[in-house]
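Thanks, everyone. I have a few minutes on one structure, so let me put it on the screen and walk through the contacts.

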Amino acid sequence: MSKIIVMTSGKGGVGKTTSSAAFATGLALRGFKTVVIDFDVGLRNLDLVMGCERRVVFDFINVINGEAKLSQALIKDKRIDNLYILPTSQTRDKDALTPAGVERVLNDLSKEFDYILCDSPAGIERGALMSLYFADHAIIVTNPEVSSVRDSDRILGVLASRSRRAEQGLEPVTQQLLLTRYDPERVERGEMLKVDDVLEILAIPLLGVIPESQAVLRASNVGMPVILDEASNAGQAYTDAVGRFLGDEIEHRFVSPQKKGLFSRLLRRSA
Amino acid sequence: MSSANQVAERDAPFQLRGNSFTMMVLKVNAPNSQDFFPQLNVKVRQAPNFFRNAPVVLDFDELPDTVVFDLAAFVAQVRAHHLLPVGFQGGPRPVQEAALAAGLTPMPTGRAAKLEVAKGPDPRAANPAATVTIEVVHRPAVVVTEPVRSGMQVYAEKTDLIITASVSPGAELLADGNIHVYGALRGRALAGVSGDINARVFCHSLEAEVVSVAGIYRVSEDIGSDFFKKPVQVFLREGVLRMDLLKTV
């Protein structure tokens, strides 16, 4: 039985696509057949982050419109077995996402895949609604700052009222928080919200804390999901988060400041 | 009650039970005014379906003692506007007697005792036979056990609202009665939205954007640090919104 996960946030620029790419890769590394779908029609980015932008011929919208077969649009990842990308259209807009079309594609995918990961666009309009409507599970990506927390709170409300599970009175969409771009030193200085502050407002289980890391931008620019950068804090944090998602008991790391001093830094780098 | 009695009641030709009904109150301030019925007409025309044959209670409480008017003709005029006067509240003695004679039922005023004392002896006390007791049927509160998120709005119509989780910034709570938040209140909470000045807001941690009782409100900026993030009740006293710390065990 396949599971549909939506990576969503309300706010833009918090790391949904980075997290989608990392998470899908992590699930595939754990042996699950996984597909990650870009719902950000017109602002296509997932293919860049996944490093498959030069192999896009047909896309999600073509499949919805019956212009291409699903197998033609799915791109198999070159690095990881079991990992597929369904890119979206850069020339169309969100209106191309019809509920019936999205449902049909998800139904077809669920016959083949263990996990279907939907990378939501920002906002609470059609694109975001379509990406979360069919979800079984939601990962809420939030930055430790008030506007992001408020937007995440809004999206949680939308999940509770406008998802298919809510509308049909089924078990509610399960939810977990992924706190990204967390900088423990700035938190210590009072410039950022603490993990506990965010959890207090959002009141959902914590899936993981991804530290602010230069590795993220570096990985994006070379088209490699950051989870594959095993030396980086961010990569390790995503690996932990995937483990927790699958039920492993893993302690949260990267939530308090690193010890100062060149020696400990060198040690951590190589760890 | 024994089961035998219950069976007997079921077979009885009638049953007598209490019930409560919501009725509009038509506050009669100046029955002789030239503008009274033209203005009533305008009001009724705004929502003819809503007002058609709606039962109303005539409130004579604000009538001056000296007023003289033909109550029977007045009631007939109100009926002509498709409102059905069924009862009355308060008013000078002659008006009350005329209303009783016209077949209207005296209704309990439901006002604070203080006001009645100020008006002298309770008019109903002088006429105990006419006093009716209406059993108020319990109207259950609206209970929400999940967090109320930003952008959500919850309205408890004609009752209390109880939230056993936190209320996020950007969420809005509305109730005709009281609002209880057993968690942090970070959004807006408007109690007594239909005008109940006795409604209150209770919360475990007051961090609200706006709190209001019967339209009298206070914004976050004006909530002093004495009350911020504290268990607080908010209520009206003499038309002023007041806050009290709740004693916690």
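I start at the interface of chain B and chain A, where six residue pairs are in polar contact, both residues of each pair being at pLDDT 80 or more. Please keep in mind that this is a predicted model.

The salt bridges between chain B and chain A number three. One of them joins A:R150 to B:E209, and the closest N and O atoms there are 3.4 Å apart.

Next, the extent of the contact. Chain B puts nine residues into it and chain A puts in eleven residues. The size of an interface is often given as the accessible area lost when the parts come together. Here, chain B and chain A bury about 840 Å² between them. Of that area, 46% is on carbon and sulfur atoms. Which three residues supply more than any other three of the area that chain B buries against chain A? They are B:R149, B:S150 and B:R186, and their share is 59%.

Now to the aromatic rings. How many aromatic pairs does a search of the whole structure find over all chains? The search returns twelve. A pair of aromatic rings is described by the distance of the centres and the angle of the planes.

Take A:F23 and A:F245. Their rings are 5.5 Å centre to centre, with 80 degrees between the planes, and the pair is edge-to-face. A:F23 belongs to helix α1 (residues 16-29) of chain A, while A:F245 belongs to helix α12 (residues 233-245) of chain A, so this pair ties together parts that are 222 residues apart in sequence.

A second pair in chain A is A:F39 with A:F60. The ring centres are 5.1 Å apart and the planes are at 70 degrees, so this pair is edge-to-face. A:F39 sits in the loop between β2 (34-38) and α2 (46-50) of chain A, and A:F60 sits in helix α3 (residues 60-64) of chain A. The two are 21 residues apart, and the pair links distant parts of the chain. A:F39 is buried at a relative accessible area of 0%, and A:F60 is buried at 0% as well.

In chain B, ring pairs link B:F36, B:F37, B:F60, B:F69, B:F74 and B:F88 into a cluster.

Rings also take part in contacts with charges. In chain B, the charged end of B:R200 is over the ring of B:F235, 4.3 Å from its centre. In chain A, the charged end of A:K33 is over the ring of A:F113, at 5.1 Å from its centre.

A few totals for chain B. This chain has six helices and 15 strands. Of its 249 residues, 38% are buried. Among contacts in chain B with a separation of 6 or more, 36% are between residues 24 or more positions apart.

Last, one residue on the outside of chain A. A:T91 is in the loop between β4 (83-86) and α5 (99-110) of chain A. With a relative accessible area of 75%, A:T91 is exposed. The C-alpha atom of A:T91 is 8.5 Å from that of A:L43, and the two residues are 48 residues apart along the chain.

That is what I have; I can go back to any of these contacts on the screen.

Conventions: Residues are numbered from 1 along each chain as its sequence is written. Chains are lettered from A and ligands numbered from 1 in the order in which they are written. This is a predicted model: local features need pLDDT of at least 70, side-chain atom pairs count only at pLDDT 80 or more; totals for chains, interfaces and linings use all residues. Side-chain values use heavy atoms; hydrogens and water are left out. Rings of Phe, Tyr and Trp (its six-membered ring) pair if their centres lie within 6.5 Å; planes under 30 degrees apart count as stacked, over 60 as edge-to-face and the rest as tilted. Helices (H or I, at least four residues) and strands (E, at least two) are DSSP runs, numbered from the N terminus. Buried means under 20% relative accessible area, exposed over 50%, partly exposed in between (1.4 Å probe, protein chains only). A charge sits over a ring if NZ of Lys or CZ of Arg is within 6 Å of the ring centre and within 35 degrees of the ring normal. Contact means heavy atoms within 4.5 Å. Buried area is the accessible area (1.4 Å probe) that two parts lose on being put together, summed over both. A salt bridge is a side-chain nitrogen of Lys or Arg within 4 Å of a carboxyl oxygen of Asp or Glu. A polar contact is a pair of N or O atoms within 3.5 Å; within protein, one must be able to donate a hydrogen and the other to accept it, and residues adjacent in sequence count only if both atoms are side-chain atoms.
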